[in-house]
Amino acid sequence: MRQANACVRGLGDGHTRQCEDMNHGDYLDTVDDAAEAGVEQDERDEGSDLGSRVRTPIAIVIILLVLLLTMCTAIGSITKFQVTRVQFIARNAECLTCHTEVLAEMRKSSQHQPFITKHCTSCHTPHGALVRVKERTWYASAASRIGMWFQWGPFRWLFQDPNAKTDTKPSAGRTTTSTTSKGGLGESKLTSPLTTLCWSCHGNLRHDLSLPVDHPPFKGGHCTSCHDPHASMTKPLLVGDDHILCGQCHPMTDLSRKHLHQPAEQWRCRSCHRAHGSDHRGMLVARQRILCFSCHPEVATDDLLRVRHRPFIGDECTSCHEPHGAPAKPMLIAPEPELCYLCHPKTAGEFSRDSHHPVPNKIKCTSCHRAHGSKEDALLRQPEKQLCLSCHDEIDHERDLVFQHQPFEKDKCTVCHVPHGSKYGPLLQAPTPDLCYKCHPGVKDQFGLPSHHPIGPKLKCTGCHRVHGSNYWGLLHSRGNKLCYRCHSSVRITYEVSRHSDVPCLRCHTWHGSVYDPLLVKMNPPLCLDCHQPNRWYSGPRAHPTWPKFYDWHAGKGLTCTSTCHNPHGTQFDHMVRNFPADWDGQCRQCHDDIGIYQ
């Protein structure tokens, strides 16, 4: 359409018809399309409006129905209550004339069924002396009932005779009114003994008398000590809430403690205890574990673990936990570690030794042990090594070393250490080297040889060996001669510049003990001759005698290569001679000067 208008504006009057002829068809098509689109849009709008008009009344109707049903239910409940109340009054009008206090009990939430649906004489014997009787028609009966309503209402004091009471008993088509004198009242009794009367409806409770644990009031037949026979504000017809009813006989001094069990704090006694009898101690509704699991299901999974705490298996939750109030969390009968010492008295002594874990200052028993069950022995929270490394992270890196001490590698820390306390630090089973001898008995024999390292208080096995892991064979602290230099530092000065500098110490010496002094692996001089092959200086008729059978009077011992002449660790002179240069006579004259061999 805009194209057509443009065409008209751009051409003169003579060409208007031609322009209209050119665009007329397009114009008509545009108009038709717009009309169709408008019709479809109108149809959609109309359908949307129609749907909205339909849904709104339906929603209103549904809301009204819900409100109507709610009101009917409320009215029905109120009506039923009023009808029941009226029936009760009519049924027991004769008794209510004197016992008007019973009417107040109808307002209580929990009502005894015989009380609200039957005659008073279902449980009580009737009493009172009949003085006069007169019958009335149903007209008089209606008037009498209206009068009774006033007598029971706030105007009762206007109609009450201080010397007499009037009871009205409705019957079919008439009302009988009897007047009795106070002086003629007899004593009302129960129609049967109390327990017999209660069991006539609650006979299933007789079974509780045969249970191992019974409630004394129930066993003694004192039902009304706990229950109100007519009505109560507490189910089931209890004379009061648990904190009033149970507290009369059970003062519950535990509730003054710092930590309280929620059911006890809220006085929900019947959550855990049965009222009449039980198969379990403490009148519990179930075994201790089953009862505790009902609120603590996370503990129930510990019953599936390989190792379980003995009280936990034996259904003795109260051996560790208080059921009502406790001085320590979580409801413990005593704080740690005093609680654990009750069953483990020896452990208390272990923590008093010189070397012990910091209990209770820094850690507790449950820092290492689980209370109920565990996959590990001794109820440990983790495998031994993993548990120890959780605190002793300074040795954690030793797990990655090349050589591992076998107990450490197999997660058996307690092979060497005690878990609680010891006389020997650090928490060792025995002092070293006695502890090491348990697994290495042959080493003990080596230290018993004539020449041995001075093992003892000053030198221990750990002076040379690491206890957990090492990168060097034998769990040594370092490689080669460096280990020996830790103690023999004076030897290092000359040895490092001598001809023996490339020879490891263990080539000549053994590390624990030997029959040859000093810790030699072989007798001297055969040990020296292993490297220094015999020649004219060591063999033959003119060779210098070197053998322990010859006496070296200068050294005061058997004659060997190293007794007077040579120092195997190096000297400042050639050929490792001890006191003089090799080409000086003074070296020889140390021994030969006195015998005049050169004179």
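Contact here means heavy atoms within 4.5 Å, and helices (H or I, at least four residues) and strands (E, at least two) are DSSP runs, numbered from the N terminus. The structure is a predicted model, in which local features need pLDDT of at least 70 and side-chain atom pairs count only at pLDDT 80 or more, while totals for chains, interfaces and linings use all residues. Residues are numbered from 1 along each chain as its sequence is written, and side-chain values use heavy atoms, with hydrogens and water left out.

## The chain as a whole

The secondary structure of the chain comes to 23 helices and 19 strands. Of the 599 residues in the chain, 27% are buried, where buried means under 20% relative accessible area, exposed means over 50%, and partly exposed lies in between (1.4 Å probe, protein chains only). The accessible surface of the chain comes to about 40,000 Å², with 58% of it belonging to carbon and sulfur atoms; such areas come from the Shrake-Rupley method with a 1.4 Å probe, and for residues only the protein chains shown count as cover. Among contacts between residues at least 6 apart in sequence, 50% join residues at least 24 apart.

## Nonpolar cores

A nonpolar core is a set of buried Ala, Val, Leu, Ile, Met, Phe, Trp, Tyr and Cys residues joined through side-chain atoms within 4.5 Å. The largest such core has eight residues in all, namely Phe88, Ile89, Leu96, Val102, Leu103, Met106, Phe115 and Ile116. Helices α2 (16-91) and α4 (113-117) each supply at least two residues of this core. A second, separate core has five residues, among them Cys320, Leu332, Ala334 and Leu339. In soluble globular proteins, nonpolar side chains tend to be buried together.

## Helix α11 and the aromatic pairs

In helix α11 (residues 288-295), the residues Gln288, Arg289, Leu291 and Phe293 are buried, and what covers the buried residues of this helix includes α12 (297-300) and α13 (310-313). The whole structure holds three aromatic pairs, a pair being two rings of Phe, Tyr or Trp (its six-membered ring) with centres within 6.5 Å, classed as stacked if the planes are under 30 degrees apart, as edge-to-face if over 60 and as tilted for the rest. One of these pairs is formed by Phe293 and Phe312, tilted, at 6.0 Å centre to centre and with 55 degrees between the planes. Because Phe293 lies in helix α11 and Phe312 in helix α13, the pair ties together parts that are 19 residues apart in sequence. Both Phe293 and Phe312 are buried.

The rings of Trp473 and Trp511 have centres 5.5 Å apart and planes at 20 degrees, and the pair is therefore stacked. This pair links distant parts of the chain, with Trp473 in the loop between β16 (469-470) and α20 (481-485) and Trp511 in the loop between α21 (489-495) and β17 (513-514), 38 residues apart. Trp473 is exposed, at a relative accessible area of 57%, whereas Trp511 is partly exposed, at 29%.

A charge sits over a ring if NZ of Lys or CZ of Arg is within 6 Å of the ring centre and within 35 degrees of the ring normal. The charged end of Arg289 sits over the ring of Phe312, 5.3 Å from its centre, and Lys385 lies over the face of Phe408, at 4.5 Å from the ring centre.

## Salt bridges

A search of the whole structure finds 15 salt bridges, each being a side-chain nitrogen of Lys or Arg within 4 Å of a carboxyl oxygen of Asp or Glu. Three of them are listed here.

| Asp214 | Lys219 | 3.8 Å |

Glu316 is partly exposed at 27% relative accessibility, while Arg281 is exposed at 55%. Asp214 is partly exposed at 24%, and its partner Lys219 is exposed at 56%. Arg308 is partly exposed, at 31% relative accessibility. Salt bridges that share partners also join Asp254, Arg257 and Glu322 into one network.

Gly282 is placed in the loop between β8 and α11 and is partly exposed, at 46% relative accessibility. The C-alpha atoms of Gly282 and Asp214 are separated by 9.3 Å, although these residues are 68 residues apart along the chain.
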